Amino acid sequence: MSSNEIITPNSPNLEALCAQLRQLANFLPTAHDWPHEQLQICARMGVFRWFVAQEDGGLGWSPEDVVRGYLELSAGCLTTTFVITQRTGACRRIASSENSGLKRMLLPGLLSGKTFATVGISHLTTSRQHLGKPALLAKEVDGGFVLDGFSPWVTGAKKADTLVIGATLEDGRQLLMAIPAKGIGIKLGDPAELVGLSASQTGPVQFEQVFCPTEWVLDGPREDVMKKGKGANTGGLETSTLAVGLSLAAYRFLAEQREKRVEFAEPTEHFEAELESLKNDLIAAASGDDQCDPLQIRSRANSLVLRITQAALSSAKGAGYMANHPVGRWCREALFFLVWSCPSNVLSANLCELARIEE
């Protein structure tokens, strides 16, 4: 165990890590960039072990502690933290699988940071669900499955050693597989230039008659394969946590400005109260409190992150509108939460608020 390893979210090492992430965050402007240095620092400080049980080689952090850790990481650098969530989604799906052979082969390198995995599962949940046919079709054959189609949003695919991919059979059953990223028939598309988080290198992956032996299957085939296991909690607390973490960064900027300009005092106090209430409910929901609805938390987090980043921009004035100023970046990044892993009822709540329609 390294003396720099972050064992709990109260560790001073977490503050030191986030200070480094803040310094490096503005060096990730385009899809040609990648947070390689940031991820290596996180590996050395044990971040990748937070999310996996001790019996599988991790630190086994509680859900509440994971939320606290993610809040600070995303306040430091949202791009790096988003990449980590996709990496963690892959690791958790592997760790929770009954495929012990794949676990033994893949987990040690992933937990140490020597290898990188990511997920392509949005087409099973929120992305392209309106089209009526699977984006990625699996056909059962002797010894495994053949994949045809594509996964539209895969983060860091070109950097990955392993892709955790979801596919659908013609009868509607689904399965998850851990696939070598450079396999035959896999075409890693160019990452998209996004409004924000372009350096996450998120883009499509095409599959053309890709044979996947049964030994690569993590779960399934069965109905609703995403409803089991400890993956990336699509549309739930994980995405909300990143939104609240970005709100935390904007609030801290506003609090600094409050010390210089008295007119910022009252608005900042209101944001502080709202942020604190949302953080408390987020942590309560992570601990299993069923009085805290994850979808309501997501709607509140979306609302707050949009408003507080724009408030930070207003306080920064013209300097904040410069492309290399963190406040302008936060405003762009806040728009991410309107589209990423956004269920229809959260989308509806967003639209109603923007239209000033009272629910």
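This is a predicted model: local features need pLDDT of at least 70, side-chain atom pairs count only at pLDDT 80 or more; totals for chains, interfaces and linings use all residues.
**Exercise 1. Find out what the radius of gyration says about the overall form of the protein chain.**

Step 1: For 359 residues, a compact globule would have a radius of gyration near 21 Å.

Step 2: The protein chain has 20 Å, which agrees with the value for a compact globule.

Step 3: Taken along the principal axes, the C-alpha atoms fill a box of roughly 70 × 50 × 40 Å.

Step 4: Look at the make-up of the chain. The protein chain has 10 helices and eight strands, and 55% of its 359 residues count as buried.

Step 5: Turn to the contacts. Taking those between residues at least 6 apart in sequence, 72% join residues at least 24 apart.

**Exercise 2. Describe the surface and the charges of the protein chain.**

Step 1: The protein chain exposes about 16,700 Å², and carbon and sulfur atoms supply 52% of that area.

Step 2: There are 34 positive and 40 negative charges, and their mean positions are 5 Å apart.

**Exercise 3. Work out whether Thr241 is buried or exposed, and what surrounds it.**

Step 1: Locate the residue. Thr241 belongs to helix H6, which covers residues 237-258.

Step 2: Compare its accessibility with the cut-off. Buried means under 20% relative accessible area. Thr241 has 1%, so it is buried.

Step 3: Follow the side chain. That of Thr241 reaches the backbone oxygen of Leu237 at 2.6 Å.

Step 4: List the contacts. With neighbours within four places in sequence left aside, Thr241 is in contact with Val67, Tyr70, Leu71, Ser74 and Leu282.

**Exercise 4. Identify the buried residues of helix H2 and the helices they pack against.**

Step 1: Helix H2 runs over residues 36-44, and Gln38, Leu39, Ile41, Cys42 and Ala43 are buried there.

Step 2: Keep the helix geometry in mind. An α-helix has 3.6 residues a turn, so residues three or four places apart point the same way.

Step 3: Name the partners. The buried residues of H2 pack against helix H1 (12-24), helix H4 (78-95) and helix H5 (100-112).

Step 4: Go just past the helix. There, Gly46 takes a positive phi of about 80°.

**Exercise 5. Examine the backbone at Leu197, Gln209 and Pro221.**

Step 1: Begin with Leu197. Its phi is near 65°, a positive value in a residue other than glycine. Leu197 lies in the loop between strand S6 (186-188) and strand S7 (202-213). Its relative accessibility is 5%, so Leu197 counts as buried.

Step 2: Continue with Gln209, in strand S7. Gln209 is not a glycine, yet it has a positive phi of about 50°. Exposed means over 50% relative accessible area; Gln209 has 58% and is therefore exposed.

Step 3: Finish with Pro221, in strand S8 (residues 217-222). A cis peptide bond joins Gly220 and Pro221, with omega about 5°.

**Exercise 6. Trace what Val195 touches beyond its sequence neighbours.**

Step 1: Val195 is in the loop between S6 and S7.

Step 2: Judge its accessibility. The relative accessible area of Val195 is 55%, so Val195 is exposed.

Step 3: Look along the chain. Arg329 is 134 residues away from Val195, but their C-alpha atoms are separated by 9.4 Å.

Step 4: Name the contacts. Not counting residues up to four places away in sequence, Val195 touches Arg332 and Leu335.

Technical notes:
Residues are numbered from 1 along each chain as its sequence is written. Side-chain values use heavy atoms; hydrogens and water are left out. Helices (H or I, at least four residues) and strands (E, at least two) are DSSP runs, numbered from the N terminus. The radius of gyration is taken over C-alpha atoms; the globule rule is 2.2 Å times the number of residues to the power 0.38. Buried means under 20% relative accessible area, exposed over 50%, partly exposed in between (1.4 Å probe, protein chains only). Contact means heavy atoms within 4.5 Å. Accessible areas come from the Shrake-Rupley method with a 1.4 Å probe; for residues, only the protein chains shown count as cover. Lys and Arg count as positive and Asp and Glu as negative; His and the chain ends are not counted. The place of a charge is taken as NZ of Lys, CZ of Arg, CG of Asp or CD of Glu. A polar contact is a pair of N or O atoms within 3.5 Å; within protein, one must be able to donate a hydrogen and the other to accept it, and residues adjacent in sequence count only if both atoms are side-chain atoms.
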